[in-house]
Amino acid sequence: MTPTPPPGEPAGHRRTALTIAPADLPMHAEALLEKGYRVALVSGHDDGDRLRAVYLFTAGYPDRRVELHVPLDRADPRVPSLAALSFPSGRFEREMRDLYGIVPEDHPLPRRLVRHFHWPQGWYPMLDDAGEPPAFGDVDGPYPFRTVEGPGVYEIPVGPVHAGMIGPGHFRFSVVGETILNLKARLWFVHRGVEKLFQGRRPHEAVELAERISGDTSVGHALAFCLAVEDALGLPVPPAEQRIRAVLLELERLYNHITDIGALCNDVGYGILNTQAQRVRERLLRLNATVTGHRLLRGAIRPGGTRVRTRPEVAELTAIAMDADEIVGLALDNGVVRDRFAGTAVLTARQAEDLGALGYVARASGLAVDARWTHPFVDRGPQLTVHTHETGDVLARFLVRAQEIPTAVAVIAELLDNEDLTSPFDGARPAEAGEVASGVGIAEAWRGTIVHRVEIGRDGTLRRVKVVDPSFVNWPALPVALADTIVPDFPLTNKSFNLSYAGNDL
Amino acid sequence: MNVVTPVAQVLVVAGGSPLLVGVMRQVRARLEGRAGPGVGQPWRDLRKLLRKEPITPRGTSEVFRLAPLVLAATTLVAAAASPFLATTSALDPIADLFAVVAVLTLGAVVLALAGLDTGTAFGGMGASREMTITALVEPTLLMATFALSVRVGSTNLGAITTATLHDPGRVLSPVSLLAVVALAVAVIAETGRLPVDNPSTHLELTMVHEAMILEYAGPDLALVEWASAMRLTVFLGLLATLFAPFGIAVTASPSALALAAAAFALKVTVLGVALAVAEVFLAKLRLFRVPELLAGSFLLGLLAVAASFFLA
């Protein structure tokens, strides 16, 4: 493929920007989507006298990023909906309407998404003049669940408070006997206003916040945030420190994947493998603590560099990977475990593609989606392979994780060893002229592709930070995969997706 | 009239069953590489729950309130009537296998009714699953019972036990072996152990037994937990008594009863530990596979009955 040059003016690392009128948006979007771009991020902006919607499209091979800026009238902000062109953009538009009051016209599902039912009507928290949150109460009309009718159909409401240590989510199952006909997941019970908290901070003071967007993805979010800040400010990062960042990213993948493998075994009642997986996880967390001084790898990545105490011992990691491999082997050798995993909650490749699924969910359904390939911040070595499976069931999601463990160890060894791997990042360049500098950071965290987009004002403070966790994109895939699955298999399926509540509900 | 034996049996089962659960959890913990909370933890949990205030959900009826009592009472009746410690008992006339199985089933049914009475989705779901499993388990229990009673010519537990005590060789007969496997699977299903139900799960959507009792709290929950532990003990005790009646007293002298109590504790503990060890290596079956397992155990029961006629 010889890509035609992307439209617009150069705006940052492999990124161009184009300012267009709202009416032209569908035409531009369609042209980009046809060229293989995906909608990576849509964010609202409050520019004072007017509002602005920014659509970020990304594509790989080679890494390309195109932004469409749509200035909007503050009194009547409206954009044509792209929901018919891209499912994720339909979700982003609903989020943008809830937070900024920017109305997507002709949206097929013009309902609340991010703001919970009891939030006051007409109050948009991300606008600069929004002020303190008003009291709950002014209920925005009824917000019913879709009722499924027929002989023997009944509903099971679950949550938002669960029996175990799980994030708050309400699940409404419509069931015949034990078979799920329809599942509606209603999330967003604990909106924290994370994106608003970023505003006004200096970038190096905001890394702590980025690390806490989703606790189990500290490295992923901190890295995406720092890459975005470096893109905006033109900060160079020494190649050796970029490589250490990639190492930390793989360390985070390791401890989370082994946790999930144990949890999946636990959910089918095979507790012994969970305790063994917890043991391996603990070894990894202690290793993390020796490397960065923090068990969850916090405090190492900073704008412009990375600071670690020691480099991880490859021999120890190899031993851990073999330990994990034994656990995986024992799980797969158990006929009942295999029976519970295989064929459960299938997400087809077509469904995953239509939903724009990311991370291991997409890879388990046969899509080779991996930002380490499409948007590398460190040159890719030969060890980095993308593991995909075709079946899209719980077993496939289990196997993708299992196979990514030895690959992560091999990649770490290669990164620590190979001085030739440098960063494709442009390096130092003068900061953009104009009132604000913008930057985009993309990182393949353990759950999938994280995208951050920052705008930094002349005074050096953050004006706007938009965060996209892969969970936001992947949550709609869960009910789709669960159609015709039985109720007792829901917890297992949910664990195989293991989506973040916190990363989704900012 | 020998009332000492039933009283002793009730005391042993009531006092010992939480310890049995404690031993099983401890064995499992140690095999999984955990320290475990100790054998006395179930008793400590019961003490904690009994001190809490009684509380019942709004809208529940007397069915919900009485179910723990009925569950405990039926289990205690079964514990008193079965010839766990001695074959000479005042309750011997009612120690009929059918009667004991029916009394134990009554407890399960009452608990299912209590689950329905809460009006929650989980209670109904648990009750529906429990009844599905019970309906499949009962035929197996009856088949295995037939197989054991054919040779003795009586369904009286005392008579079957006495016959086995006089002729220990029959324990190794094909009839007996087929029946013991069938009964063991039925017992595992009836007491909610792996691979049918996971007693240690916190996932409300996968629960069977736990889903029915989700709304219980405080002393009521203590009673349910205690009764569940006693049911486990009674079922394992029946298995031990029918297939390994060794050590059961034929007289009612205190020393013989004490010896029998020790033998009973040993047998039930061995069975409980074996179950706990097996559970470490088992995963939970998909709900729709459970009927296949139970159908298999029913078939074994049927074969046991057939064998009892052809190989007699």
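Me: Where is A:W188 placed among the helices and strands?
Reply: In this predicted model, A:W188 sits in a loop of chain A, between β10 (179-186) and α3 (194-198).

Me: Is A:W188 buried or exposed, and why?
Reply: To read this, count the C-beta atoms around the residue; 20 or more within 10 Å make it buried. A:W188 has 22 C-beta neighbours inside 10 Å, so it counts as buried.

Me: Which residues is A:W188 in contact with, leaving aside its neighbours within four places in sequence?
Reply: Contacts of this kind are with A:V114, A:H116 and A:D505.

Me: In which sense do β4 and β5 of chain A pair, and over how many bridges?
Reply: For any pair, look at the direction of the strands and then at the bridges. Strand β4 (residues 50-59) and strand β5 (residues 64-73) of chain A are antiparallel, with 10 bridges. Individual partners can be named: A:A59 is bridged to A:R64 in β5(A), and A:V54 stands opposite A:H69 in β5(A).

Me: What lies between β4(A) and β5(A)?
Reply: The two strands form a hairpin with four residues between them, and A:Y61 in the turn has a positive phi of about 55°.

Me: Which strand runs parallel to β5(A)?
Reply: Strand β2 (residues 15-19) of chain A does, joined to β5(A) by five bridges. In this pair, A:A17 has A:E67 of β5(A) as its bridge partner.

Me: How many residues of β5(A) are buried?
Reply: Seven of its 10 residues are buried, and the strand is mostly covered.

Me: Now another strand. How many residues of β14 in chain A are buried?
Reply: Strand β14 (residues 449-457) of chain A has eight of its nine residues buried. Its pairings can be taken one at a time. With strand β13 (residues 436-444) of chain A, β14(A) pairs in the antiparallel sense over nine bridges. With strand β15 (residues 462-468) of chain A, β14(A) is also antiparallel, over six bridges.

Me: Which residues are the partners of A:R453?
Reply: A:V440 stands opposite A:R453 of β14(A), and A:K466 in β15(A) is the bridge partner of A:R453.

Me: Which residues in the two hairpins have a positive phi?
Reply: In the hairpin of β13(A) and β14(A), with four residues between the strands, A:G448 has a positive phi of about 150°. In the hairpin of β14(A) and β15(A), also with four residues between the strands, A:G460 has a positive phi near 85°.

Me: What domains are assigned in chain A?
Reply: Domain 1 covers 1-142 and domain 2 covers 194-504. Their centres, taken over C-alpha atoms, are 25 Å apart.

Me: How many residues of these two domains of chain A are in contact?
Reply: Contacts join 20 residues of domain 1 to 22 residues of domain 2 in chain A. On the domain 1 side, β1, β3, β4 and α2 (87-100) of chain A each supply at least two residues. The largest share, five residues, is from β3(A). That side consists of nine nonpolar, seven polar and four charged residues.

Me: And how many residues are in contact between chain B and chain A?
Reply: Here 23 residues of chain B are in contact with 25 residues of chain A. The chain B side divides into 13 nonpolar, five polar and five charged residues.

Technical notes:
Residues numbered from 1 in each chain as written. Chains lettered and ligands numbered in written order. Predicted model: local features only at pLDDT ≥ 70, side-chain atom pairs only at ≥ 80, totals over all residues. Pairing = 2+ DSSP bridges. Domains from an automatic or database assignment. Contact = placed C-beta atoms within 7 Å. Nonpolar A, V, L, I, M, F, W, Y, C, P; charged D, E, K, R; others polar. Buried ≥ 20, exposed ≤ 12 C-beta atoms within 10 Å, placed from the backbone.
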